[in-house]
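User: I have a structure to go through and I'm new to this. Can we take it step by step?
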Amino acid sequence: MRKKTWVLCSVIVLSIIFLFVTAYSQDNIKYVQDPAFTKRMRPAAVFNHDEHNENASIDDCSTCHHFYKDKVKVENETSEDMKCSECHKIDKDPVPLINKYHLRCKGCHEQEKAGPLMCSECHVK
Amino acid sequence: MHDIYDFVSGPMVWVSLIIFAAGCIYRFISMALLAKEKDPFLYNYMSPYHALRSIFHWLTPFGSENMRKNPVFTIVAFSFHICVVIAPLFLFAHIILIKQSWNVSWWFISDTMADIMTLIVIASCVFFLIRRIVRPEVKFLTSASDYIILAMVAAPFITGFWTYHQFAGCRIMGIIHILSGEILLAAIPFTRLSHMIFFPISRGYIGSEFGAIRHAKDW
């Protein structure tokens, strides 16, 4: 009886840990959501991180997660652990940060002639 | 889709903006020269005080006798003109696109507000259409071009509403939306929509003649 309770408890605890790890891991990113945006004008942009990078053949994390120091891009350094808004700060006006996101996504799609361009293609209702 | 989008959101924007701006300047200058040749007295009678006084009265809701006689039309016409200008110029999505292209931005209205204004424009267009068909004095003055112009004005707003709410086929509707906006912009100087640039001139002249010469109100 005691052993059974132990096993059950372990299973529950492990599954909770598993749930949290997967929920917060990079693998499960499905939307671009920056907490810096307090008021949302549109639904969060659909973005399946792994699937996207596989389709687009992006191996270098710094393609998106770049790191700048004194306005110069630091090679071999990335910023996955940071929110974009940590550097691209919102100072009352959200438009500059929104623009950064659009340039990062849409700008690349335009350059590569692949991927969505129109509002409704990313901000799906 | 990429090529079509790039085309309508790139070179076509410039084409329509240049036609609009150059068209306005051309129409303004050619009208001024025509007036100098045919109605030179227009320049002698122009009185800035009386012109501005008349323009002010006609820009004020119910500021003229005619507006007070047709209250419904006055309300619709004023709401239409306010919304038709404010909604596209201060729409959030447009601001973002302009910021992306030219790195400039300005104040924007909420999407709910834009939605309401868009519906006001569409409803007003329906009102103007019915008015053209039903009212004999308006029907008498109506030609096919008036219906086309009305459709050209309504089109960007209907397609914009459709695209924003992501109804079926919203991607192609988005392309039509951009195109219809460009066509409308380019058409302004060369159609009756040119009242946008000529309104102050014609109103100002009538105001001058009535105010300075006849000593009468023209509102």
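User: What pattern does chain A follow, read along the sequence?
Analyst: Chain A reads α-β-β-α-β-β-α-α-α. Helices are DSSP runs of H or I with at least four residues, strands are runs of E with at least two, and both are numbered from the N terminus. This is a predicted model, where local features need pLDDT of at least 70, side-chain atom pairs count only at pLDDT 80 or more, and totals for chains, interfaces and linings use all residues. Residues are numbered from 1 along each chain as its sequence is written, with chains lettered from A and ligands numbered from 1 in the order in which they are written.

User: How many helices and strands is that in chain A?
Analyst: Five helices and four strands.

User: What is the radius of gyration of chain A?
Analyst: It is 19 Å for chain A, while a compact globule of 125 residues would be near 14 Å. The value is taken over C-alpha atoms, and the globule rule is 2.2 Å times the number of residues to the power 0.38. Along the principal axes, the C-alpha atoms of chain A fill a box of roughly 65 × 35 × 35 Å.

User: And how much of chain A is buried?
Analyst: 6% of its 125 residues. Buried means that 20 or more other C-beta atoms, placed from the backbone, lie within 10 Å of the residue's own.

User: Switching to chain B. How do α10(B) and α11(B) pack?
Analyst: Helix α10 (residues 144-164) and helix α11 (residues 170-187) of chain B pack at about 155°, with axes 8 Å apart. Because angles over 145 degrees count as roughly antiparallel, α10(B) is roughly antiparallel to α11(B). Axes are lines fitted to C-alpha atoms over the stretch in contact, and angles run from 0 to 180 degrees between N-to-C directions.

User: Which residues meet there?
Analyst: Among them are B:M152, B:P156 and B:W162 in α10(B), and B:M173, B:H177 and B:L184 in α11(B). Contact means C-beta atoms, placed from the backbone, within 7 Å. The residues of this contact divide into 11 nonpolar, seven polar and no charged. Ala, Val, Leu, Ile, Met, Phe, Trp, Tyr, Cys and Pro count as nonpolar, Asp, Glu, Lys and Arg as charged, and the others, Gly among them, as polar.

User: Last one: how many residues does each chain give to the contact between A and B?
Analyst: Chain A gives 13 residues and chain B gives 15. On the side of chain A, α4(A) gives the most, with five residues. That side divides into seven nonpolar, three polar and three charged residues.

Conventions:
Angles under 35 degrees count as roughly parallel, over 145 as roughly antiparallel, 65 to 115 as roughly perpendicular and the rest as oblique. Two residues are in contact if their C-beta atoms, placed from the backbone, lie within 7 Å. A residue is buried if 20 or more other C-beta atoms lie within 10 Å of its own, exposed if 12 or fewer, and partly exposed in between; C-beta atoms are placed from the backbone.
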